[in-house]
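Please open the model in your viewer and keep the selection tool at hand.

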Amino acid sequence: PPPTLTATPTPTMTPSPTNSPAGTLTPVYTSTPTGTPPSCCYSIVSQWGTFGINNAQFNFPIDVDVDPSGNVYVLDEENGRIQVFDGCGNYLNQWPVPNQDVGIAVSKDGTLVYAAAMNVNVYTLDGTLFGTLARNPADSFYGPINLDAQNNVYGGHGVYAYEYNTYGTLLNTYNYEKNFGIESNPNIYDVAVDGAGYVFTADITYNFIEKLTNTGGFIKQWG
């Protein structure tokens, strides 16, 4: 009879280490002979900051973002400012913002910084006010903001998630009570969008994540 062939598992490739810019995290992959996706192990590269009002001190640093060069922008809410650091934590700059601002995002081309609460103020990288995206005061953002590839602004507040264009025009409103049948006041804290345009929202009342189309169509919920 012909010999019996035994399947041999394909070995998992382990990537070689790569050089990373200062202040970035380099994932360390472990081998996975069972064929499951590789697990990533991260370690702290650096940390900085203490409580206070001086440079590199914070009072309720509520949000953070990074530009394409690796510089770190921290929205220091109770001190009413944005502080800028390089990837190693060295202080570079700061400028004042309204202390009710709750979200910060750097444009995809790394030229503008968006800070949001009642309005979205847009700054150049040296802190000069570039413009303001005036919005309906009732549509103030409750938590962090995010930008898509066209720099449209996404944020959430209560039962709503919102999308505005770079001129402050409302493009989409996602009403979770009306559109998705969620009762008893869900609280949409954060909204993100991926490279394909799918929208992800985080609810801190019912502790779930939802995936939507860019027009608000429901795809999936978990949590």
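Is Trp95 buried or exposed? Select Trp95 in this predicted model: its relative accessible area is 3%, and because buried means under 20%, Trp95 counts as buried.

**First stop: a pair across the chain**

A search of the whole structure finds five aromatic pairs. Now display the strands. Trp95 belongs to strand β8 (residues 91-96) and Tyr123 to strand β11 (residues 120-124); the two residues are 28 residues apart, and their pair links distant parts of the chain. Tyr123 is also buried, at 6% relative accessibility.

**Second stop: two tyrosines**

Next, select Tyr162 and Tyr164. Their rings form a tilted aromatic pair, with 6.3 Å from centre to centre and 40° between the planes. Tyr162 counts as buried, with a relative accessibility of 4%. Tyr164 is likewise buried, at 3%.

Which residues do ring pairs link into a cluster? Select Trp48, Phe58, Phe85 and Tyr91 together to display this cluster.

**Last stop: lysines over rings**

Finally, select Lys211 with Tyr198. The charged end of Lys211 is placed over the Tyr198 ring, 4.5 Å from the centre of that ring. Then move to Lys220 and Trp222: here Lys220 lies over the face of Trp222, 5.4 Å from the ring centre.

Key
Residues are numbered from 1 along each chain as its sequence is written. This is a predicted model: local features need pLDDT of at least 70, side-chain atom pairs count only at pLDDT 80 or more; totals for chains, interfaces and linings use all residues. Side-chain values use heavy atoms; hydrogens and water are left out. Rings of Phe, Tyr and Trp (its six-membered ring) pair if their centres lie within 6.5 Å; planes under 30 degrees apart count as stacked, over 60 as edge-to-face and the rest as tilted. Helices (H or I, at least four residues) and strands (E, at least two) are DSSP runs, numbered from the N terminus. Buried means under 20% relative accessible area, exposed over 50%, partly exposed in between (1.4 Å probe, protein chains only). A charge sits over a ring if NZ of Lys or CZ of Arg is within 6 Å of the ring centre and within 35 degrees of the ring normal.
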